[in-house]
Amino acid sequence: QLQLVESGGDLVQPGESLKLSCAVSGFTLNSGRIGWFRQAPGKEREGISCISQSGGRSYYADSVKGRFTISRDNAKNTVYLQMDSLKPEDTAVYYCAAARRPLCSSSFNAYDYWGQGTQVTVSS
């Protein structure tokens, strides 16, 4: 059974960093794409990053480009999202998602499996 479990969310101050983890079971990372999404209260779920099946391509939304970095550890079957220079507008529940398709997508509908989410709050 495929499962994704996010961790690493926390309350941090503006300008600080966090590293989120997405531990995947029942699905090897070279079987498809993994995406990171976030949803703030009252807003739609936003696709912010993705790593392709091969691991050779990644995607970043303009809102996080230059501050967030996606990576993966195939041995641990885990995908990470390093978040630097955090801003209050980054406050949201962060989700990872998987699909058995090779290329990146930022669309919510392009993913078949979802984790439960982890809360990130950026506030002074």
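The exercises below concern a predicted model.

**Exercise 1.** Describe the order of the strands in the open sheet of four, and find which strands stand at its edges.

Solution. Step 1: the order is β1-β3-β8-β7, and the pairing is antiparallel. Step 2: β1 (3-7) and β7 (68-73) each have a single partner strand, so one side of each is left without a neighbour in the sheet. These two strands therefore stand at the edges. Step 3: from one strand to the next, the twist averages 15 degrees.

**Exercise 2.** Describe how β7 and β8 pair, and name the bridge partner of Ser71 in β8.

Solution. Step 1: β8 covers residues 78-83 and pairs with β7 in the antiparallel sense over six bridges. Step 2: Ser71 has Tyr80 in β8 as its bridge partner.

**Exercise 3.** Find which residues have the most contacts inside the largest nonpolar core.

Solution. Step 1: this core has 28 residues. Step 2: Ile34, Trp36, Leu81, Met83 and Tyr94 have the most contacts inside it. Step 3: among the residues that Tyr94 touches are Leu20, Ile48, Leu81 and Val120.

Terms used: Residues numbered from 1 in each chain as written. Predicted model: local features only at pLDDT ≥ 70, side-chain atom pairs only at ≥ 80, totals over all residues. Heavy atoms only, no water. Pairing = 2+ DSSP bridges. Axes fitted to C-alpha atoms, helices over the stretch in contact; angles between N-to-C directions. Core = buried A, V, L, I, M, F, W, Y, C linked by side-chain atoms within 4.5 Å. Buried < 20%, exposed > 50% of the residue type's maximum accessible area, 1.4 Å probe, protein only. Contact = heavy atoms within 4.5 Å. Lists of a residue's contacts leave out its neighbours within four places in sequence.
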